[in-house]
Amino acid sequence: SACLVGSEMCIRDRVRTETLKETVVQTQTVEVKPTPVEKRAIDYLNIFNVQSAGARLFSKLMVEKFNALHPTHKLNLSFDSYTAIINPELLGKIKAGTQPLLFDTVDHWDGQYIIMDAVLPLDEFLDKHKDIVQDNWCLAFEEKWYKPYQEKYGYKYWALPFCTTYQSFFWVRTDLIGEAGFTLEDVKKINSLDKLKDMALQVNKYWKGKGKTVWGFELCGTRFDITDTIWPQWAIAHDKKLGYWFSEDWSETYLDQWPWVKTLEAHVDFIDSGVSSPAAPRESDEVIAELLMQGSVAMSQSEPINVGVIMDRDKTLRETRQKEYLRSGTIQFVPGADYGSGIRGLVAPLGFAILKRPDATKKDYEAAFEFALSWLTEDAQRDVFEFSGGIPASTKTMDNLLKSARENMAKSPPDYSLQLIDALWPLVKDTTKNVLFPPFPAFVNVAYDIHAGWGEKAWLKQISPQEAMNNAANEVRKLIKDLGFAKK
């Protein structure tokens with residue numbers, strides 16, 4: 001039977017025994033013969049762990065397996081958060097020569113390191129693994145989309161994606177909208193922000209009449225979430241060109257154009273009109289799963305990788321949570337709406353990158369790449385999804401999950417535990433309906449400092465949305481000029 005997000009995993013070197021009451025995992029002992037010389041250390045900075053307890057556990061298990069089996073190298077694992085990448089912490093280590101050899105991150109954030117010539121190209125390694133390249137749909141998408149960097153730096157690949165998140169799709173409490181008179185099909189038919197607002201307000205009104213506060217659609221507002229989840233999806237869904245951050249050659253920004261202004265106006269309006277709660281500007285997208293389980297929110301937009309949050313509970317409660325929220329279909333998922341552009345969402349691959357180090361040998365780089373490859377085995381790809389909700393980078397794994405999802409939903413009673421795969425995979429693999437985030441060298445500054453900073457002033461009513469986006473665009477144009485992308 002198909003495994004569930006957050007359930008005990010079937011990792012290759014473990015034996016899974018299931019009973020009616022609980023799942024027991026017995027770990028096989030891996031015999032490791034002593035090596036004649038001490039293993040060389042590879043410092044590995046893990047960011048993936050912040051997604052959920054499952055993502056952290058999976059990362060730890062993969063490192064332990066590598067260290068037990070690799071004959072010449074071992075990984076020194078350190079956990080950190082996205083702030084290590086968004087803030088100049090890692091940049092400072094690179095400049096000081098104290099950077100880790102290996103790290104995982106959102107691939108489009110690596111532009112800031114590529115421009116410093118700090119990232120090791122992976123073309124030579126991947127040329128020896130054509131099967132991995134052919135099966136990795138994220139790599140194919142990046143190769144198609146990231147031509148500006150490929151042409152500028154003379155190589156195709158700077159990261160090896162192991163999964164992706166998707167910005168952004170609807171999370172729906174089917175029972176809460178159902179009692180208010182709506183179905184999942186109604187959510188799928190939303191084709192304007194006005195229709196989304198109207199449905200959400202009707203849900204609010206219905207539950208208020210029942211004496212209960214249920215927010216029809218909850219925004220996630222923290223500056224590290226809103227600017228890479230809801231805002232870009234709303235903007236690109238309105239206009240394929242003007243709703244993207246930059247022109248194709250990055251010589252211009254479109255942040256002051258109408259899709260971005262309309263998006264910020266709607267954000268402010270959703271809070272003012274009661275579509276979303278007053279707390280929305282202070283909530284992270286990870287909190288959305290909690291709010292849906294609590295029943296205080298009927299709909300929201302968040303990324304699939306946060307589904308792992310649903311299972312971050314005491315082990316004895318996991319089966320109950322799965323049955324109550326996922327298997328039963330109480331929480332289901334719908335792709336983000338198309339508001340006229342034909343684009344439904346943004347793909348954000350997560351992958352491994354190798355940083356150049358003066359003390360590193362070719363064998364060190366090869367060992368680091370071997371570890372990255374270990375996340376792309378069939379077992380590991382399935383486990384990435386089941387531990388964290390991350391969408392696997394393997395086409396084969398996604399096709400198998402889709403088959404399982406549809407078989408499960410055809411059962412009587414239906415099992416919706418893999419419904420998010422059915423909702424997303426047919427759409428995500430169609431590159432005509434999705435875009436990738438830009439690997440612009442200063443993208444973290446653009447999204448989480450400039451865009452988020454001015455947007456915050458707008459929702460606090462200090463300035464208008466149009467003024468906020470004008471100011472943001474002007475700052476970004478200065479960055480474009482400073483980085484040498486502006487047309488002369």
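Helices α1 and α17 of this predicted model cross in a right-handed sense, the near helix being turned clockwise from the far one by less than a right angle. Helices and strands are DSSP runs, numbered from the N terminus (H or I of at least four residues for helices, E of at least two for strands). Helix α1 spans residues 53-69 and helix α17 residues 378-388; they pack at an angle of about 150°, with their axes 7 Å apart. Because of this angle, α1 is roughly antiparallel to α17. Axes are lines fitted to C-alpha atoms, for helices over the stretch in contact, and angles between N-to-C directions run from 0 to 180 degrees; those under 35 degrees count as roughly parallel, over 145 as roughly antiparallel, 65 to 115 as roughly perpendicular and the rest as oblique. From α1, residues G54, A55, L57, F58, L61 and M62 take part in the contact, and from α17, A380, D383, V384, F387 and S388, where contact means heavy atoms within 4.5 Å. By class, this contact has 8 nonpolar, 2 polar and 1 charged residues (Ala, Val, Leu, Ile, Met, Phe, Trp, Tyr, Cys and Pro count as nonpolar, Asp, Glu, Lys and Arg as charged, and the others, Gly among them, as polar).

Residues are numbered from 1 along each chain as its sequence is written. Local features need pLDDT of at least 70 and side-chain atom pairs count only at pLDDT 80 or more, while totals for chains, interfaces and linings use all residues; side-chain values use heavy atoms, with hydrogens and water left out.

A search of the whole structure finds 2 cavities of 30 Å³ or more. On a 1 Å grid over the protein atoms alone, a cavity is a set of points where a 1.4 Å probe fits but cannot get out, and lining residues have an atom within 4 Å of a point. Grid points are joined across faces, edges and corners, and a volume is the space filled by probe spheres set on the points. The largest cavity has a volume of about 60 Å³. Its lining includes D107, Y146, K156 and W158, and α7 supplies the largest share, 3 residues.

How values were computed
On a 1 Å grid over the protein atoms alone, a cavity is a set of points where a 1.4 Å probe fits but cannot get out, and a pocket is an open set with protein on both sides within 12 Å along at least five of seven lines; lining residues have an atom within 4 Å of a point.
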